[in-house]
Each structure stands twice: as C-alpha cells, then as structure tokens.
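Subject: Structure for you to look at

Hi there,

Here is the structure I promised you, with the sequence alongside. Have a look at it first, and then read on for what turned up.

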Amino acid sequence: MIVAVTEWKGRISPVFDEAMLARLYETCEGEAYLIKEIELKTMFFGSRVSQLLEEKVETLICGAISANIEHQAQLGGINVISFVSGNIEEIIKIYARGEWNKSEFAMPGCRTKEDEKK
Amino acid sequence: MAADIAEKIVKSKPCQPTGIILDSISDGVFTVDGNWRITFFNRAAENITGIRREEAIDKLCSEVFRSSMCETDCALRKTLQNGQPLIDKACYFINNAGVKIPISISTAVMRDSKGNICGGAETFRDLREVTVLRKELSQRYHLGDMVSRSIAMKDIFEIIPIIAESTSTVLIEGETGTGKELLAKAIHGMSNRADMPFIALNCAALPDTLLESELFGYKKGAFTGANQDKPGRFKLAEKGTLLLDEIGEISPALQIRLLRVLQEQVYEPLGGISSIKSDVRIIAATNKNLEQLVKDGVFREDLFYRINVIKLELPPLRTRKEDIPILVEHFINRFNLLQRKQIKSLSNSAMALLMAHNWHGNVRELENVIEHAFVLCQSHEIKIEHLPGKLSGGTLKPVEKQDFREALMKTEREILLLALERNEFNRQKTAAELGIHQATLYRKLKTCGISSTGMKQA
C-alpha cells in the first residue's frame, strides 16, 4: 500500500493545501519503505489530489486540510488521515506497524472529548 | 527555527505579556519563544481558532495556527530575521472543521528590558465579518471573482442568487475570455453545494475516448493500462457542481451518454457493469451558438433542451467598456498581491488607449495586458510604454527608423485582419466593407501574407 505524507522540516506539513513536498512510502509487513519524494503542484485546484491519484496513493497522512480538498481525495478513493502533527519518521513507523492512534498525533485542538478523557 | 534567530533570543528570561490587557482585546494574539513554541495565547485567539489556551501553549505555532503562510512565507520568521514588523498581511488559516478563515496578521519582535530579542508576537484579525460587509457594500459590482458596473452584467448578477438556489442545469454562452468559468464558480459558491467540489472540464481539450474516461472514470481492467479504478469528473464532483466548458465540441456518441446522465442521473464508468447514481449539478458553457449547432445537425436537439433550462449570455467586453476602469483596478489589486508590487494607478493616456481598444479577447485579454504592464512597470503608475505594442499600435512609442513600405504593409495587414474578423472571414463581405473588389482583397491578402484557406467566399 502506498502512503503519502506531506513533509516540512521532518514533520508533517501544517497545511496540506500549501504543502510543497510529499513523501511516498510503501508499507509492507509492518515496515515502511520510502519510495520517493514528490513536489506538490500549486497551480490549480484539485491538482494535488490528481497528483496523489496518479502516484496510486491509497492513504494520505497530512496536517490541516480544507474540507473541499479532503472530500475530493476521499471521492478519489484515498483514505485521508488529516489534522495530524508530529515527526514523520515516528508517525510512519507506527502507522506501518498498525499501531496508529490518531489522538496521539492530533494537531492541537483536534482531539475529541473522548480522547481527552483517556 | 533558524539557528541564527535562536541565538539572538535570550533563553533565560522569557517575556511576560500583560495577559489581562491582551485578553480584553478582540484581536487574536500569541507569542513564541526561540523554538517557535507558543508561550502566550489570548482569549480572542482561542475564540477565532477554536483552540483552547492550554492546548496551544508549548506547541509549535505552525501546528496551532496552520495558516497559508506558515510553510512558505512565515511573517514572524521574517520579522525575527530583519527586526521589521509586518502589518496587516492577508492570509487564511484552516480551522478544525476544514474551513478556511480569512485573517490579516501583524508581527513584532519582543525584547526584554536589556533590548535582547526574547521572542516574537503575532496578532491576527478575523476578517470573516469584514469580508461579508465588504461584499454587501459593493454588491452592485461584485459577484464571486467578477466585477462590473454595466447594466447588462448587473442584470446577470442579480439573477444569480436565484439561479444558485435551484438545481436546474445552466447554460452559459459567451465569447472566449468573458468569464464563463468565473460565473459558473459564482453560481456554485452561492448554492447550497458550495461546500462540495466545483470541478471544471474543457470538453474541447481532450479527444473523444479520453473525454469519456475523464467524465465517467473507468474500472480496473477496462483497457490495457487500466491497473486500478479511476474516478471520473462526475464522481469527483459528487454533490457539487460540474462545469462542462465548450460543450458544443463533444461528439454525437458522447452527447447520447451525457443526455442519459442528465435524464436519469445515472452513468456507468468504462468497464463497469453497474450504474452509478449521480448527484451533480451541471453547468454547461460554450462560445458557440448552440441553437445554430442544433440547426446544423451537429448538436442533439434533445440534449440542447436538457442543457438550456436556464441560459445566461455574458456580453463581450467591447459592449460594456464602462467596466474597463473597474476591471483594471481589480487586476491591479490582484497583481499587487501576487507580485508584491505597489502599483497605484494607470495614467489617463494609458486608460484612454484601453478604452479605445476592441478587446476581442475580452476580460482575459485585459487581464493579460495588465499583467504585461506589471512586468515592465517599475513605478507606481502604469503608462503607455508599459502596455503591449498591439494596443499603442507602435505609433505612440518612440519610432525607430523603419522602411516606409514595411510600415505601410503592417498597417494594411492590421486593417485587413480586423475587417476579416468583423465579417467572420467572409471575403465578399470584407471586400464590400473595405470598398474594394474581391480580387483586390485576395491580392492584398497574399501580399500581406494572410492565408485565405478556409475563408468563406460569399
């Protein structure tokens, strides 16, 4: 499975809509392998999602994302894990191992009330 | 944070903003330390962002604030690098619901009692209300990204909110460059589908087979190379709006498929075995006369009536020249933002030239002219010499020594081209307008290097 993670200074880029770079990982048997990095286009609406679809991305892990673009990505069949913050290496390893817990890496203000009670 | 900035900041003595005062103001305020971690977050910042203070404190400002500027153009970083405050810079941030909130931000350096930099402060103002008020005040001139003060456009602008509320198919007719896509976006933006996608497809840009897969998508294995399912524009626009530009260009076969979607709201992706229900509002646009295409047998009559539920005709710019000054102002504002220039106006003589031009490329041509001027203009005012040569006809610029015959031929060529265009490239009509014989016109076209292939003779 190909997972795209938008990157800025080793962390998840804060805003997907403005992110410049995405790392593409292949996850297999609990490991994540970096395939390549792609420069995200900023020319017109929808092109980022099209780029990810062209790269056969199945899951996108990103920071804040506008609802419109998230909806587009989802309609394209991409599983979007949004409003995530933190170190990319750490996040992708945990995700590949299947130990993903969104609340642990949720952006400030994005944890649900249930998460906070835990 | 860059090491040079971090070194400037004295870590031992963090600043203590006056919390009570800062909590009483309506602008959001936050401060950061040398590691870009938030040290203060006022009440207004909580209200505007929807993030509680305790969640924000000690977090990276880019991950709390997540504005459009954080990654590429951080204002606070610039201020800490050069010590200069930034005032009222427009941008947006994305709230927890994925909504872009328009804001203006200002930044300042924070110093301790000894004058050492101890952090940065950023204030931000929620512009949602201002944006709405500004639109209310100038509603007569604005619709989405369109501006106008002409009566013809005002009539269209007034009817758009009503059209936006309905779910009917809309047909937009207008010459190239009149703003058909902008109008479609405005309809979408005012409809209850505004939060859903707006997808545009230029039907003339793709060959028929590609257009079909682009519209309806395909299933894995539908053809060689189809290694996985690909959603079509109909799926991408689900619950939103799909603009089919240059609809008059689609083939008869595709017209039938499109008719079915419009009639039954279902379609099948290439290689698919089951129908997919579609909930998409269709807006069709064309620079051709669809009614004429129906008469010519090129466009299906039943599809035409399906599309032509509501028809909007965008007038060409040459029939609404009163819009030129307001459009120029609009483009100057936009290019100032995009190119970070501070051009304030256009000289009277340059404006006179724009008013005299015929604008066959319409608003898009005007936009290109202003963009051209922006590249050349190094002052605060756009003058004639900054406009493209085709507008000034070369006569208003300093004329270099040139061959008389060459200049004459150039002028003759321009006259011929304009006359041909006015007469839809009909040689007989063009010759009649110019008061010359058809044979003379033919000879002149040849001399001026204008090909007469494809022109109508009578």
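Two residues are in contact when heavy atoms of theirs lie within 4.5 Å of each other. With that in mind, B:Val298 touches B:Gln255 and B:Leu293, once residues up to four places away in sequence are set aside. Please keep in mind throughout that this is a predicted model.

B:Val298 itself sits in the loop between helix H13 (290-295) and helix H14 (301-307) of chain B. Its relative accessibility is 45%, so B:Val298 counts as partly exposed, the class between 20% and 50%. B:Val298 is also 8.4 Å from B:Gly248, C-alpha to C-alpha, although 50 residues separate the two in sequence.

Of the 458 residues in chain B, 45% are buried. Taking the contacts in chain B between residues at least 6 apart in sequence, 62% join residues at least 24 apart.

Next, the aromatic rings. Over all chains there are twelve aromatic pairs.

Two arginines are worth a look while you have the rings on screen. B:Arg257 lies over the face of B:Phe216, 4.3 Å from the ring centre. In chain A, A:Arg48 lies over the face of A:Phe16, at 5.9 Å from the ring centre.

Staying with chain A, where does A:Gln51 sit? A:Gln51 is part of helix H1 (residues 47-54) of chain A. With a relative accessibility of 10%, under the 20% limit, A:Gln51 counts as buried. A polar atom of the A:Gln51 side chain lies 2.9 Å from the backbone oxygen of A:Glu39. Apart from neighbours within four places in sequence, A:Gln51 is in contact with A:Ile38, A:Glu39, A:Leu40 and A:Lys41.

Finally, the interface. The size of an interface is often given as the accessible area lost when the parts come together. Between chain A and chain B the buried area is about 2700 Å², and carbon and sulfur atoms give 57% of it. A:Trp8, A:Leu75 and A:Pro108 supply 22% of the area that chain A buries against chain B, more than any other three residues. In terms of contacts, 32 residues of chain A meet 32 residues of chain B.

Two salt bridges are counted between chain A and chain B. A:Asp17 forms a salt bridge with B:Lys100, where the closest N and O atoms are 3.7 Å apart. There are also eight residue pairs in polar contact between chain A and chain B. On the side of chain A that touches chain B, the elements giving two or more residues are strand E1 (2-8), strand E2 (11-12) and helix H2 (67-75) of chain A. H2(A) provides the largest share of that side, five residues.

Enjoy exploring it!

Best wishes

Note on methods. Residues are numbered from 1 along each chain as its sequence is written. Chains are lettered from A and ligands numbered from 1 in the order in which they are written. This is a predicted model: local features need pLDDT of at least 70, side-chain atom pairs count only at pLDDT 80 or more; totals for chains, interfaces and linings use all residues. Side-chain values use heavy atoms; hydrogens and water are left out. Rings of Phe, Tyr and Trp (its six-membered ring) pair if their centres lie within 6.5 Å; planes under 30 degrees apart count as stacked, over 60 as edge-to-face and the rest as tilted. A charge sits over a ring if NZ of Lys or CZ of Arg is within 6 Å of the ring centre and within 35 degrees of the ring normal. Helices (H or I, at least four residues) and strands (E, at least two) are DSSP runs, numbered from the N terminus. Buried means under 20% relative accessible area, exposed over 50%, partly exposed in between (1.4 Å probe, protein chains only). A polar contact is a pair of N or O atoms within 3.5 Å; within protein, one must be able to donate a hydrogen and the other to accept it, and residues adjacent in sequence count only if both atoms are side-chain atoms. Buried area is the accessible area (1.4 Å probe) that two parts lose on being put together, summed over both. A salt bridge is a side-chain nitrogen of Lys or Arg within 4 Å of a carboxyl oxygen of Asp or Glu.
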